[in-house]
Amino acid sequence: MDIAGVAERSIKKILKTLMKPFSPMIDWATKYSIWPVHFTTSCCGCEFAASYGPRLDTERLGSLPFTHVRNTNAIIIEGTITKKMAKALKVVYEQMPAPKFVVAMGACAIDGGIFHNSYNIVKPRDILPIEVYIPGCPPRPEAVTNAVRTLQKRMQTLRLASKQALEG
Amino acid sequence: MSGDSQVKAEFFIENPAELPSVAQTLKEKGYDHVISLSAVDYPKSNEIHLVIHVSSYTKKDIEPKIFEIRVKLNRDNPRVPSLVKIWPSAEFQEREAYEMFGIVFENHPDLRNILLDPEEFSGVHPLRKDYIVQVEDIMLKLKEEVKNGGNK
């Protein structure tokens with residue numbers, strides 16, 4: 001009998017029951033600290049930059065684009081994912097601590113866009129669980145701000161963050 | 001590129017073994033760099049044409065000219081001597097032709113994939129005409145359905 005394994009599992013169970021009353025708090029806290037990692041693979045990156053610029057200032061919603069993957073909890077896939085880049089995307093996603101969320105930005109990240117019949121693209125929805133899609137080619141900066149708002153609303157209503165934090 | 005008086009000359013080589021001597025002669029005449037090195041696939045006649053465009057930076061009189069060399073290769077086993085020793089600017093472009101069309105350049109110093117993932121595309125050459133993308137296949141079937149009188 002594996003004593004260490006049983007002990008670990010029981011400790012996790014106790015922690016889960018202890019943390020359950022705080023789950024609305026986890027959701028509320030994560031909602032206002034969505035830090036997306038820079039993952040610019042094509043032209044959508046310009047619109048992403050504009051949405052965090054002075055005019056729209058998505059940072060006021062508590063969302064801050066960040067450079068260190070291990071300190072982030074969201075990833076906005078800005079554009080085409082090639083077969084080579086898909087491997088890097090997977091590595092980046094696995095490095096992020098839970099709870100983590102994926103947003104697919106632009107036509108390329110949704111269904112391939114203008115490269116839909118290329119030999120070298122991967123649809124991000126085939127390799128990662130995507131929470132929010134932003135349609136457009138490229139989307140307007142307002143759409144990125146709206147996607148952050150949508151993600152926040154989904155976190156609040158569907159309890160996404162606490163689910164991942166307690167069960168994942 | 002000076003002015004719009006670009007004169008294009010063509011040269012067709014049937015035997016790939018003759019390519020280095022032709023390239024050497026051109027280099028001695030002043031054509032000192034490869035502008036582009038690509039290929040065309042002809043599956044019906046079972047051949048691949050290697051297309052090389054060369055021009056000059058150093059000689060003013062042939063600077064506006066672009067010289068095109070076409071080499072006929074066997075599609076089943078396309079092999080051609082490498083031009084890296086004569087024109088170093090051909091190195092990366094030869095690697096691209098190698099991964100996209102499967103043309104093997106003999107005596108190339110570093111012949112491996114340059115753009116494509118070597119694990120995903122080992123033995124597969126996406127720019128050959130017989131390579132079918134899955135999504136494209138669906139589109140072709142739809143087109144055929146429309147031709148045959150729509151959805152039955």
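Visitor: Which residues touch the most other members of the largest nonpolar core?

Guide: This is a predicted model, so local features need pLDDT of at least 70, side-chain atom pairs count only at pLDDT 80 or more, and totals for chains, interfaces and linings use all residues. Residues are numbered from 1 along each chain as its sequence is written, chains are lettered from A and ligands numbered from 1 in the order in which they are written, and side-chain values use heavy atoms, leaving out hydrogens and water. A nonpolar core is a set of buried Ala, Val, Leu, Ile, Met, Phe, Trp, Tyr and Cys residues joined through side-chain atoms within 4.5 Å, where buried means under 20% relative accessible area, exposed over 50% and partly exposed in between (1.4 Å probe, protein chains only). Of the 30 residues in the largest core, those touching the most other members are B:Leu50, B:Ile52, B:Ile69, B:Trp87 and B:Ile103.

Visitor: Which elements of chain B each supply at least two residues of this core?

Guide: Helices (H or I, at least four residues) and strands (E, at least two) are DSSP runs, numbered from the N terminus. Those of chain B that each supply at least two core residues are α1 (19–29), β2 (33–42), β3 (47–55), β4 (66–74) and α2 (91–101).

Visitor: Is A:Ile134 buried or exposed?

Guide: A:Ile134 is found in strand β4 (residues 132–134) of chain A. Beyond four places in sequence, its contacts (heavy atoms within 4.5 Å) include A:Val103, A:Ile110 and A:Val144. Because its relative accessibility is 2%, A:Ile134 counts as buried.

Visitor: Is A:Cys137 buried or exposed?

Guide: A:Cys137 lies in the loop between β4 and α6 of chain A. Its relative accessibility is 56%, so A:Cys137 counts as exposed.

Visitor: Which side chain makes a polar contact with the side chain of A:Glu131?

Guide: A:Glu131 sits in the loop between α5 (106–111) and β4 of chain A. A polar contact is a pair of N or O atoms within 3.5 Å; within protein, one must be able to donate a hydrogen and the other to accept it, and residues adjacent in sequence count only if both atoms are side-chain atoms. At 3.4 Å, the partner of A:Glu131 is A:Arg154.

Visitor: At what angle do α2(A) and α6(A) pack?

Guide: Axes are lines fitted to C-alpha atoms, for helices over the stretch in contact, and angles run from 0 to 180 degrees between N-to-C directions. The axes of α2 (residues 23–31) and α6 (residues 141–158) of chain A are 9 Å apart, and the angle is about 175°.
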